[in-house]
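User: I'm new to this and would like to learn how to read a structure. Could you walk me through it?

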Amino acid sequence: MAKPRPMAKPRPMSKPVLKFKLLSKEAKIPKYAHEDDVGFDLFSTEAVTLKPGQWHTFQIGVACEIPKGWYVSIRDKSGLAAKHGIHTMAGVIDGGYRGEWGVVLINHGNEAYIIEPGDKIAQGSVLLMPEQADIVKVEELSETSRGAGGWGSTGKK
């Protein structure tokens, strides 16, 4: 049996600071478009035409120092997803990573989509401070009302 974890650490009251380094002349510092936004915009440094079903890893020309214990989640730009079927694949940047950020996009739409340098392609979202879990091997799992049901097990309506 695993030993109990101590109580979660309280969240700091001050805002975390993200220190960005530009790695190319085409790169732009990520920014929040609106005062109350949770996600900050990430910009392409490349000109790429994404054909339907095609994906590409965009190097966005920035590296970042994320505070210890935090991570950044890379998310869709809602307009790109809703209007063109452009979706992010992969999406966790750990606090210890100091290399160039990449954004993997796939075109789920029916038409080619052109991305130019400086275009908003994704958002760094929800700067999070997760608690790392203890991973324990067991012989049995506790029962729940859901059980092993997944992949639409609750029905359509």
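This is a predicted model: local features need pLDDT of at least 70, side-chain atom pairs count only at pLDDT 80 or more; totals for chains, interfaces and linings use all residues.

User: How many salt bridges does the structure hold?

Analyst: Side chains of opposite charge can pair when their charged atoms come close. The cut-off is a side-chain nitrogen of Lys or Arg within 4 Å of a carboxyl oxygen of Asp or Glu. The structure holds four of them. In one, aspartate 41 meets lysine 120 at 3.3 Å, N to O. Aspartate 41 sits in strand β2 (residues 40–43) and lysine 120 in strand β11, so they tie together parts 79 residues apart in sequence. Strands here are DSSP runs (E, at least two residues), numbered from the N terminus. Asp41, Lys77 and Lys120 are linked in a network of salt bridges.

User: Is aspartate 41 buried or exposed?

Analyst: Buried means under 20% relative accessible area, exposed over 50%, and partly exposed in between (1.4 Å probe, protein chains only). Aspartate 41 has 2%, so it's buried, while lysine 120, at 39%, is partly exposed.

User: In what order do the three strands of the open sheet come?

Analyst: Strands pair if DSSP finds at least two bridges between them. The order is β4-β9-β7, with antiparallel pairing. The edge strands, β4 (55–59) and β7 (86–89), each pair on one side only. Between β7 and β9 (residues 102–107) there are four bridges; methionine 89 has valine 104 in β9 as its bridge partner.

Conventions: Residues are numbered from 1 along each chain as its sequence is written. Side-chain values use heavy atoms; hydrogens and water are left out.
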